[in-house]
Amino acid sequence: FFFQAEDGIRDVAVTGVQTCALPISWIFWVVGVSFLISGGAIAGFYLNVAPIVGDNGFGKDVAALCLMVLAASQIAGRFICGYMLDKVQNPKLAFLWLAFGALGIWIIANASDLPTVIGACVLLGMSYAAEQQLTAYFMSRYFGVKNLGSIFGAISAVYLFGLSSGPLVVGGFFDRFHNYDMAVMTCEALLLVAALMLFALPAYIYKRPGAEPASAAQPAKAA
């Protein structure tokens, strides 16, 4: 039952690298490490944003509002990031999204007025949403769609490890230093490093998911 639809697409040509080629692909490792550390940085700060805002003198009502804005901006961020990925055929767009996240973290940690904090939460929430979009998009544009399921599964495992470990690291910083200053600086630094790593990526190998490679080079060029 679950495989009946395969008959209708059997003649559609799909291209892409083999999953076993991922360990020798420097692009995979750059993307993987970038999203590992950026995911940890954003998730670590995101889940501690309420006490961080409270340390700046804001009340619980503002902390709750920040969490609401962060969640809502993720919805908008997915649409906006998806639209820009369709219109801007340049992987360096990812640099801007992660840089926005670093800027949002810095502003939230230092802002003293409500409008500034809310604006920074919008930046951070949209960066968080874009980060999740970019993982799947990059895999299809650099490795094709022939084995996209297993390739996306591999990059998702790396990304989710970062998401799950980030809050633990931020909490550990607080237990060690009894404030969030070091944690905030670390999150900002990790996001900037991740952004620079993505900035170093070459042009997309596939013009569109499932299309032939953008140049005469074969998909193995990603290795």
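Q: What share of the 223 residues of the protein chain counts as buried, and what makes a residue buried?
A: Of the 223 residues, 44% count as buried, a term for a relative accessible area under 20%, whereas exposed means over 50% and partly exposed lies in between (1.4 Å probe, protein chains only). The model is predicted: local features need pLDDT of at least 70, side-chain atom pairs count only at pLDDT 80 or more, and totals for chains, interfaces and linings use all residues. Residues are numbered from 1 along each chain as its sequence is written, and side-chain values use heavy atoms, with hydrogens and water left out.

Q: Why is H178 called exposed?
A: The relative accessible area of H178 is 62%, so H178 is exposed. H178 lies in the loop between helix 6 (148–177) and helix 7 (181–199); helices are DSSP runs of H or I with at least four residues, strands are runs of E with at least two, and both are numbered from the N terminus.

Q: How do you know that the span of helix 3 agrees with its 28 residues?
A: The expected span is 1.5 Å times one less than the number of residues. For helix 3 (residues 60–87) this should be 40 Å, and the end C-alpha atoms are 40 Å apart, which agrees.

Q: Why is helix 1 called roughly parallel to helix 4?
A: Helix 1 and helix 4 pack at an angle of about 25°, with their axes 11 Å apart. Angles under 35 degrees count as roughly parallel, over 145 as roughly antiparallel, 65 to 115 as roughly perpendicular and the rest as oblique; therefore helix 1 is roughly parallel to helix 4. Axes are lines fitted to C-alpha atoms, for helices over the stretch in contact (heavy atoms within 4.5 Å), and angles run from 0 to 180 degrees between N-to-C directions.

Q: Why are helix 1 and helix 5 described as roughly antiparallel?
A: The axes of helix 1 and helix 5 come within 11 Å and cross at roughly 165°. The two helices are therefore roughly antiparallel to each other. Among the residues that make the contact are F35 and I42 of helix 1 and L124 and F138 of helix 5.
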